[in-house]
Structure formats: C-alpha cells, structure tokens
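This briefing sets out selected features of the structure shown below, grouped by topic.

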Amino acid sequence: MDEIRMKVAEAVSVLNHDSQSCNRVAANQWLVHFQQTPSAWDVSTSILTSPPNPNFLLQDNFELDFFAAQILKRKIQTEGCYLQAGDKDALLNALIIAAKKFSYGPPQLLTQICLALSALVIRSVQHKKPIEQLFASLQTLENQENGNVAVLEMLTVLPEEVIDDQNTDSNISSSLRFQYGQELLAHTPTVLEFLRHQSEQRLDDNNQLQDRNRKILRCLLSWVRAGCFSEVPPSSLPTHPLLNFVFNSLQVFSSFDLAIEVLIELVSRYEGLPQVLLFRVPFLREVLLLPALASGDEKVIGGLACLMSEIGQAAPALIVEASTDALVLADALLSCVAFPSEDWDIADSTLQFWCCLASYVLGLDMDKLSSRKKVEEMFFPVFSALLDALLLRAQVDDSTFSGESGTLDLPDGLAQFRMDLSELFVDICQLLGSGTFVQKIFSGGWASSDVQIPWKEVETKMFVLNVVAELILQDGQPFDFSVILQLVTILSNRASDGLDGFLCLVYRTVADVVGSYSKWISGVQTSTRPLLLFFAAGIRKLVTSNACASALRKLCEDASSVIHEPSDLEILIWIGEGLEERHLPLEEEEEVVSAITLIIGTIPDKQLKNNSLARLLSSCYGAIGKLIDEESGHSLRQNPASYTQALSSAARGLYRMGTVFSHLSISSSTVPADDDTILALLGVFWPILEKLFTSLHMESASLSAAACRALSQAIHSSGQHFLMLLPKVLDCLSTNFLSFQSHDCYVRTAAVVIEEFCHREEYGSLFISTFDRFSSAASITALNSSYICDQEPDLVEAYTNFTSTFVSGCPKEVLAASGSLLEVSFQKAAICCTAMHRGAALAAMSYMSWNLAGFLEVGLTSVLESMSCMTEGSLGSVTIQVISRSGEGLVSSIIYALLGVLAMSRVHKSATILQQLAAICSLSERTTWNSVLSWESLHGWLHSTVRALPAEYLKQGEAETLVPMWLKALANAASDYLESRTRDGGINNHGHMQGRGGRTLKRIIREFADTHRNVPNLT
C-alpha cells in the first residue's frame, strides 16, 4: 500500500505543479484510473489518518489529503451502498479520526471530510437509525480534545446532505430522505443546546473567538434552513439565547454578514419573529445604520436594508399600523434608498418591501374605505419621500454615456434597477394620486424658461413619466403638456447644432413621453410643427431614431386631426424622402412610413393625396429602376460592393412600398376606378415589379423576400382591383420559384393570392396550373423522406401552407379537378409528419396535420352530401380514390410520428386525422365505391404498418394486441364523428374528438405515444 500511496502523492504533485502539460494530462489519467480501483478505499483512508509525510512541503501534504478526501466522498456517493457493514463502520470511524485530526484546518479539507461522513451515514441502510449512530459518534468526538470544531463542521454540512432534495450526488429516494430528515430534526434540542454552549464559551484569542462564532452561525444557518426552530415553542423564540447571540453578532464586523443571513432566514420561516425584530429596529438604526451611513460602510447598510426589507415584507399588516417602530423601519429604509452608493444593489434590495407595502395598502378592504384613507394619509409623506429618493437614485450621469461610439452605455445595474422600479412607480402614483404625482415630477423649477435646465433630473423624470403613462391616461386628468413641448423645442434647437453626449439620452426619453401621451396632443392648442421637426432631427441619430420613429407613428395615429397644415405634410414628406440616406433598421422605417401614410390617407384632395404618395415613393421607384435598367444593372453587377448596395436600396424601397399599401384603405366604390388611389399606385407599382420579377436580380433572397412582401400587402389592400393582374402575378410567382427554388417566399405569396381570390371559380384552372407548377418543382419532388424535410423546414412549411389554403378555400369543382395534385400533396404531408429537425419539425407537423384534416373534412362533406349518387369525377369519388392509394402511407407515417420525444405534441392532430380517416372508410362502405375503399382497407393498412415496425419498437406481445384495440377505438370514434356530422346537418359540430369514442381514441393514442417516447425515430 505504501508504494501505491507514494505513486498517488507523486501524481497529485505532478498534476498541480508540473510545467509540462503532457505530464499533467498523464498524471490526471492515472489518478482517474486509480479512483476506480478497489485499493482507492484503503489508500485514501490511510492518507487521511496517517501522520503527514515529513519529506513533503505543507502545501503538498494538504493537496494529497484534499485529494484523498474528495476520492472518498465521490466513491461513497457512487459505491457506498455496496460496502459491507463492517467496512462501513471502519470507514465511519476513520473519517471521524480524520475530522478530529484536521479540526483546526485547513477548513476546506475538514469540509470535504465531513461531506464524506454525511454521505456515508445516509447510505448506512443496515442501521435502522443511521443518524442516531452518527450523533453517538459525535458525542464521543465532542468529549475529545479539539473535537468541538469537527463536530461543528459536521453539524453544518449534515442538514444539507440529508434534507436537500436538489442534491444530485446521490440516489437516495425522496421518501428515505424525508425519513432521515425527520430523524435529524429529532435531535434539534441537542444541537441547539450544543450551539448555545459553544456560543457561551470564552476564548482569550480574539481571532479564534471570531472564527468560532462564524462557525456557530454557519451551523445555525444550516439548521434553520432545515427547519430546526419548528421544534421550538413560539413563545420561547423571542428570548431564545441563540437569537440573542445572532443579534449580538450583528455588532461584530467579521460575523455581521452571517448573522444577517440567519435572521433573514428566520424571518422568512417563522411568522412570530418579524414582530420581535421590529421591536429591535430602532436599536439597529441608531447603533448600526446611522454610523454606517455616516462612514459609508456599504456592507452594513446593504445587510441591514435586506434584513429590514424582509421584516417589512413578512408582516405588512404590522407596518400599516404605523407604530413608532414601523415608522422607524420605513425611515431607515428610506435612508438606505437615498444612500449614494456606486451601484444600485442597496436601493434595489428594498424595492420588494415598498411594492409589498403599497400593494397591501391599495388592497385594503374597500368596505372600510375610511380606514384605507387613513392609512394612505399616514403613509403619504413616506411614499412622497420615497419618490424623491428614487428619482435621485435612478438618475443617469454623463459618465454612463459614450458619445463617441454613439451608443447608449447604461450600466447593467442601473438598467436592471430601472426595470425593477416600474411596478413601484405605478403603485406610488396610485397612492399619491396622478395629479400629485405629476406635480412632483414637474417640481423643482426646471420647467421655467429662465433657469438652466438640470438635464440629469429631467431625463429621470421623463423616464418615470413614461412608466406611469398608462395609469395617468386612465385617470383622464391631462397635465400641462406645454412643459414637454418646451423641452421638445429646446432639444430640437440643440439638435440643429449637433446633438451629442448625454443629451441624446434625454432626447430619446422625451420622445418616449411624447409617444406615450400622444392621445392628449390633439387637445393642446398648439402647432405640431415643432414636434415633427423634433422627430425629424431625432430620426437622424442612431441613439434616438427608434424612439422618434415610434413616437411619430403614435402621434399620427392618435392626433391625426391636428396634423393638417400644408407645412406639416411637407415636413412628413421630407422625412420620408430622407429615409433612403438614413439606412434605418427596417422596423423603424416601417414606423416612419406608416405614420406618413396615415396622414396622407386623411387628405381629402385626391390630386394632393396621389402627388404626396408619388413624392413619398419616388426614391423607392428610383432605387428599383436603377437596378432593373439594363445598362446600369449590367454595370452594377461588375462592381460587387455597388451591386450589394443597389440590392439593399431596392429591397428597402419595396419594403416601404408594401408598408404604404398596408396602410391605405380601399376607396369608396362610388369613386370612379381610374381615380382611385390604390389603382393609381398599382398602375406604377405592378409594371416595375413585373419587370423586376423577370430579372436575374431575383436571385437575391432578400430582394425576393421584399418583393413578395410588397406584393402580398398590395393584394390585401387592393382587393378585387387586383383581379385583372392575377394571371400575370401567379405566372411570375411560379416561374420565379422554378428558377430560384430556395426562395420559399414565392410559394407563400401564392398562398396569399389563393386565399384572397380562391372563391372566384372562373380562375380555378389558373389556380390548378399554379399548384401543378409548384408540385412539379424539383425541390418539392425531392421531399420524399423525413430527412429531406428536416433539411428544408421553411420550404415544407410554405408548401403545406399553400396546399392547406388551396384545399380549404377553393370550390369543390376545382378540388375535384385537382385529384392527382391533391394525392401528391397528401403523400408529401404523410412523409413530413415524421420530420424531426429541431423545433421546425413541430411547426411542419402542425401545418401538415391541418392540411390533412382540412382535405379530409372537405372530402367527407362531399361524400355525405352525395352518398347515393356519387359519380366519377366528383369530389367524393376523388377523395376516396386519393385515400385508397395513399392511406397506407398515411397510417404508417402517423404511427411513426407517434414514436420518439416529440410524439406527445402530435397526439391531438394524429387522433383527429385517424378519426376522420376511419369515418370516411366506414362511410365509403355504404357507397358504390366500397370495392375501392372500405373498413378492411383501414384494417389492412394498420396491420401492415404494425407488422413492418422493427421488433425493438414494440413491447413484447404488443403487436398482437395493438391492431384489434386500435380498430375497436377507431370504429367507435368514426361512429361518433359521423353521428355528429349528420346531426342537425352537421353545420355547427364537426365532431372532432367528440363523444366517448373520440375521447377513448385520443387516450389510447396518448398512452401509445407516452410509452414509446424513448424509441429512436427511423428518420
């Protein structure tokens, strides 16, 4: 053993100190192998219990001992339950000896030994009461010299190991852990008495005394978390010696933090304690808090703030009584909030208390309104002072903003503090009343024109005003908005000279306020020109563009009636014309264009409206025209940088055109069509877009996406005016998809066209030819395995969305003429049901199952309506033929979709499809088509699918029982479905999962999916 022990010592030394990485790796591999050998038990025990090697340095001995303790802890956690009873007893005694040996250090080593001891105790199943045996051993250890230190550490780690059900290092069951926990708590009196005795022992060495007291507090904290004081009578808790010990420890700097932790844990667990500690708050304030505030001791201030907040949160009813102690606590916490620390942790730690108190006051019984009013009046000065303190602490100074980079640089602490403040500011506004709250926001004289404006204060107050906007608007008491407009004018003037530094942040916050209170702008008798100029200047800055764009859109939505002057329109058009140079994010551009279009849409003069739109979109036409012009387009492609810029400009222009379409309403039908604004736009838009569609530039995915988005919005906005362009539009979309099959946007846009015009039967052949062209594309044809579907999830979603729209919207005659195409889509849908590509597969399954369900629903309706006279070529006959040829693949795919980790999310859709499939098979037997599709068809599909499943996918004997059980459930579900569909003409009840049969089928499918979650998918 000595030889192995020396090898272990050498390997540990090499691992920790050798300069060659290859040597360290080799040593680590050797030690990992050693840990797994049986000799590791004896060698590690020997290292811990033997005297230190005199040839080793002190550090080397510590590293070797620490390694040995870690090995024993890990082996006990993983293999301890397999040790023989005699070996466990010997190991227990050895660990106790080691704990005594290292009782005075190093502390990390003693902790590891005690953790190993705890792990061994709860694995001593041969002892009926292992905790009892350990306490007997600890009592023996306590009576030995220096044994108290080891006992303290052991008692500290024991509750965490025994009771903590989040401990993942062991396989101890929760029931056994609960049993051990009860056994442990039964020793509470003994432990508390031991801790009391230790706390009363005097030591001459002050450092040793402080170290001992910290260890007592750590141990007490561990037992408090375990629930030890639940064994102590509540009446004796206030005078318990250990509580006094903890309270006195607050006055010692070295033990202050642990004492705070213990008291906070006690307050959160025992309802009688907050009242006891509330009585001591005046003492804490005078003796600890005020001196700490004077000296700037953040450790003490932060600890007391947390403790007092916890006391107040635990008993808000005591605080609202407004006793002297309660008011002292509130005043103490106010001083903590106002303390000017470098970070915001102290103030942030009190917010939960203030929110709790405010919510309690606001939630007082309205039947006792007078009592509530009295409480609000008593705490009015408190919350008023709190608002002042928070306004000060939430301020941003110049150093938090980097003007050079042009980006906001709010410290993370301040950003989080402001986020946490939002709820509290709303509560304070409710308590003080919106009028008083706003008055305090505008107090301080900064709103006067003859004083220098304190921008830090203004920015904070604008932030707060924005936070409470919803509540103030609800109260309906408008404040003097001229103050805000004055800030707008001042900042606009500053912007003309160059806006940098902290003022950018102020600018953004003021813009947020204008946007939030835009509904009140219309009530202010003032020109909107300063506001529009303010937004125009702000949109030019990266820092302020988002806030100004959003506020401009809100203003134009809520106060369009006051934006009517020609100069207002000129400013808006000017803003729009400048977007080409701004390169704003697309969402900000959309906000700006939406705002301008909303105002243009209110212009009564048709000529002016059309001219304004033409000016707004002129840069868009120019950017696209530059790209599609043959000469310039060819030269652009020779310069990659210029070509990329041209593509980006054209895409942005298309986005702006689409936004304009989406915000213009269709003109009245009484207006001549050639004068209609929409038609005027279409007259310019479609020729440009058609030429773009036929160009090679559509190879660009971003340009294609922008063009398709603009076209979709134009279709939605134009309505029936677009009918004349349908053939050209669908031809462009299908042709471009065939040319650029990675651009699924063409398929998605075609779905928009179908959805809008599918009811027009005269265009049925056009829709069918489009469907055919998409289905014959190489990328769609290639969707012949779930693996391929996983590689192209966006294409799968686009195609299935198109087929779903086609099936659900087109007339029956059109669907009947699309039999072969429907069969293809049916088969593709069946294949994609098993896709497993990240999260996209779930979305694809949703589209696919809806598509199948919609197709089956339409087909079943047709069968029900013409059951006695179903002819060749009718939708009912087409449905039956499609299902007869595709049913086996569908059933197979549904079964495979119910295997694996994603199966549970597919249960409902799968059950719905199978129920409808069973219904149509059952119904087909009553028609002349029963030789093509019948109940036996379903039986055969199910049987062949189960028979083809690999043996490891099913439990023993499941193959024989599954088919009969499912067929019975399917028969009952089909009967429920048909009965529901025929009752009252089936108008309002489609019968999905209705009735006992449907619910039984869903339960059976859910159980199947649940019991086959761990089956690997064949994809």
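In this predicted model, Glu-590 has a relative accessibility of 33% and therefore counts as partly exposed. Its side chain meets that of Arg-709 in a salt bridge, with an N to O distance of 3.6 Å. The pair links distant parts of the chain, since Glu-590 belongs to helix α30 and Arg-709 to helix α35 (residues 701–718), 119 residues apart. Arg-709 has a relative accessible area of 19%, which is under the 20% limit, so Arg-709 is classed as buried.

**Further salt bridges**

- The side chains of Arg-553 and Glu-591 form a salt bridge, 2.6 Å from N to O. Because Arg-553 lies in helix α27 (residues 545–558) and Glu-591 in helix α30 (residues 586–600), this pair ties together parts that are 38 residues apart in sequence.
- A salt bridge also joins Arg-285 and Glu-286, whose closest N and O atoms are 2.7 Å apart. Glu-286 counts as partly exposed because its relative accessibility is 46%.
- Arg-225, Glu-261, Glu-265 and Arg-269 are connected in a network of salt bridges.
- The count of salt bridges comes to 29.

**Negative surface patch**

- Glu-298, Glu-342, Asp-343 and Asp-345 make up a negative surface patch.

**Positive phi angles**

- Most residues other than glycine have a negative phi.
- Ala-322, which is not a glycine, has a positive phi of about 55°. Ala-322 is placed in the loop between α16 (316–320) and α17. With a relative accessible area of 16%, Ala-322 is buried.
- His-583 likewise has a positive phi, near 55°, in a residue other than glycine. The loop between α29 (579–582) and α30 contains His-583. With a relative accessible area of 42%, His-583 is partly exposed.

- Leu-392 is part of helix α19, which covers residues 369–393.
- The relative accessible area of Leu-392 is 51%, and Leu-392 is therefore exposed.
- Between Leu-392 and Phe-339 the C-alpha to C-alpha distance is 9.8 Å, while the two residues are 53 apart in sequence.

**The chain as a whole**

- The protein chain contains 49 helices and two strands.
- The protein chain has 1019 residues, of which 54% count as buried.
- Of the contacts between residues at least 6 apart in sequence, 75% join residues at least 24 apart.
- The accessible surface of the protein chain is about 44500 Å², and carbon and sulfur atoms account for 51% of that surface.

Technical notes:
Residues are numbered from 1 along each chain as its sequence is written. This is a predicted model: local features need pLDDT of at least 70, side-chain atom pairs count only at pLDDT 80 or more; totals for chains, interfaces and linings use all residues. Side-chain values use heavy atoms; hydrogens and water are left out. Patches are made of residues with over 30% relative accessible area and no salt bridge: like charges are joined within 9 Å, nonpolar side chains (Val, Leu, Ile, Met, Phe, Trp, Tyr) within 5 Å. Accessible areas come from the Shrake-Rupley method with a 1.4 Å probe; for residues, only the protein chains shown count as cover. A salt bridge is a side-chain nitrogen of Lys or Arg within 4 Å of a carboxyl oxygen of Asp or Glu. Lys and Arg count as positive and Asp and Glu as negative; His and the chain ends are not counted. The place of a charge is taken as NZ of Lys, CZ of Arg, CG of Asp or CD of Glu. Helices (H or I, at least four residues) and strands (E, at least two) are DSSP runs, numbered from the N terminus. Buried means under 20% relative accessible area, exposed over 50%, partly exposed in between (1.4 Å probe, protein chains only). Contact means heavy atoms within 4.5 Å.
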